[in-house]
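Notebook open, structure on screen. I'll jot down what I look up as I go.

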Amino acid sequence: MNSIFEIRNCSCVEQNADVIVNAANRNLISGGGICGVIYKKAGYSNLNEVCRKIKTPLKDGDAVLTPAFDIKNAKYIIHAVGPNFSYTPNALNKLFDAYYNSLLLMNYNNLHSIAFPLISAGIYGGHLANPAAVSTKQCIVAYNKFIENFPDYNIRVILCA
């Protein structure tokens, strides 16, 4: 196995990867934080148009794929919906699902590199004592589960904090 997991102090939008991940909201509308940056760089009109065609609201843990449009360092965007820990304080399984379902979607589309933000670590972090640590742990658990389930599928995961 030649899969790689990296943690970097950077923005996922700037990474060269097949896929960058948007910490999306359930309705796939442009928001703040990394979501707003991704919409701006991809092009609001193109990304909004394709996202309006997706049946929403999505559920916590869901992930959907769209083209990256004007983002030249990636082919696709995966919009992963993390839980809002202000409303669902015990939703670690849904945070895991957001990461794992993103990896599955990457696999299903024969893609091999992905750049994640820390999902549910900003405004969705709620009252967690350390949302960045919680998000990092769930990403690592999802990565380990993925390489266990798909040992012959090489991937490169960049977790951007």
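This is a predicted model: local features need pLDDT of at least 70, side-chain atom pairs count only at pLDDT 80 or more; totals for chains, interfaces and linings use all residues.

I started with Tyr153: buried or exposed? Its relative accessibility comes out at 13%, and since buried means under 20%, Tyr153 counts as buried.

Next I checked what Tyr153 pairs with. Its ring and that of Phe146 have centres 6.3 Å apart, with the planes at 75 degrees, so I put the pair down as edge-to-face. Phe146 is buried too, with a relative accessible area of 0%.

How many aromatic pairs does the whole structure hold? My search turned up 6. One of them joins Tyr99 and Phe116, edge-to-face, at 4.9 Å centre to centre and 65 degrees between the planes. I looked up where the two sit: Tyr99 is in helix 3 (residues 92-108) and Phe116 is in strand 5, so this pair links distant parts of the chain, 17 residues apart. Both Tyr99 and Phe116 are buried.

I traced 6 strands in an open sheet, ordered 1-6-5-2-4-3, with mixed pairing. At the edges I have strand 1 (4-8) and strand 3 (63-67), each pairing on one side only. From one strand to the next the twist averages 25 degrees.

I zoomed in on strand 5 (residues 113-116) and strand 6 (residues 156-160), which pair in the parallel sense over 4 bridges. Opposite Ile114 I found Val157 in strand 6.

**Helices on the sheet**

Helix 1 (residues 33-42) lies across strand 2 (19-24) and strand 4 (76-81), and I get about 130 degrees between helix 1 and strand 2. Helix 2 (residues 44-52) lies across strand 3 and strand 4, running at about 135 degrees to strand 3.

Which residues of helix 1 are buried? I listed Cys35, Gly36, Ile38, Tyr39 and Ala42. Looking down the axis of helix 1, I see these buried residues fall within an arc of 160 degrees, so they line one face of the helix. They pack against strand 2, helix 2 and strand 4. On the other side of helix 1, I found Gly33 and Lys40 exposed. Just after helix 1 comes Gly43, with a positive phi of about 105 degrees.

**Salt bridges**

I count 8 salt bridges in the structure. In one of them, the side chains of Arg26 and Asp60 meet at 3.1 Å, N to O. Arg26 is in the loop between strand 2 and helix 1, and Asp60 is in the loop between helix 2 and strand 3, so this pair ties together parts 34 residues apart in sequence. I have Arg26 as partly exposed at 41% relative accessibility, whereas Asp60 is buried, with a relative accessible area of 12%.

Glu49 and Lys53 meet in a salt bridge at 3.9 Å, N to O. Here Lys53 is exposed, with a relative accessible area of 64%, while Glu49 counts as partly exposed at 41%.

In helix 3 I also looked up Lys94 and Asp97, which lie 3 residues apart, about one turn of the helix. Their side chains form a salt bridge of 4.0 Å, N to O.

Last entry: Glu6, Arg8 and Arg156 are linked in a network of salt bridges.

Terms used:
Residues are numbered from 1 along each chain as its sequence is written. Side-chain values use heavy atoms; hydrogens and water are left out. Two strands pair if DSSP finds at least two bridges between them. Axes are lines fitted to C-alpha atoms, for helices over the stretch in contact, and angles run from 0 to 180 degrees between N-to-C directions. Contact means heavy atoms within 4.5 Å. Buried means under 20% relative accessible area, exposed over 50%, partly exposed in between (1.4 Å probe, protein chains only). The arc is that of the directions from the helix axis to the C-beta atoms. Rings of Phe, Tyr and Trp (its six-membered ring) pair if their centres lie within 6.5 Å; planes under 30 degrees apart count as stacked, over 60 as edge-to-face and the rest as tilted.
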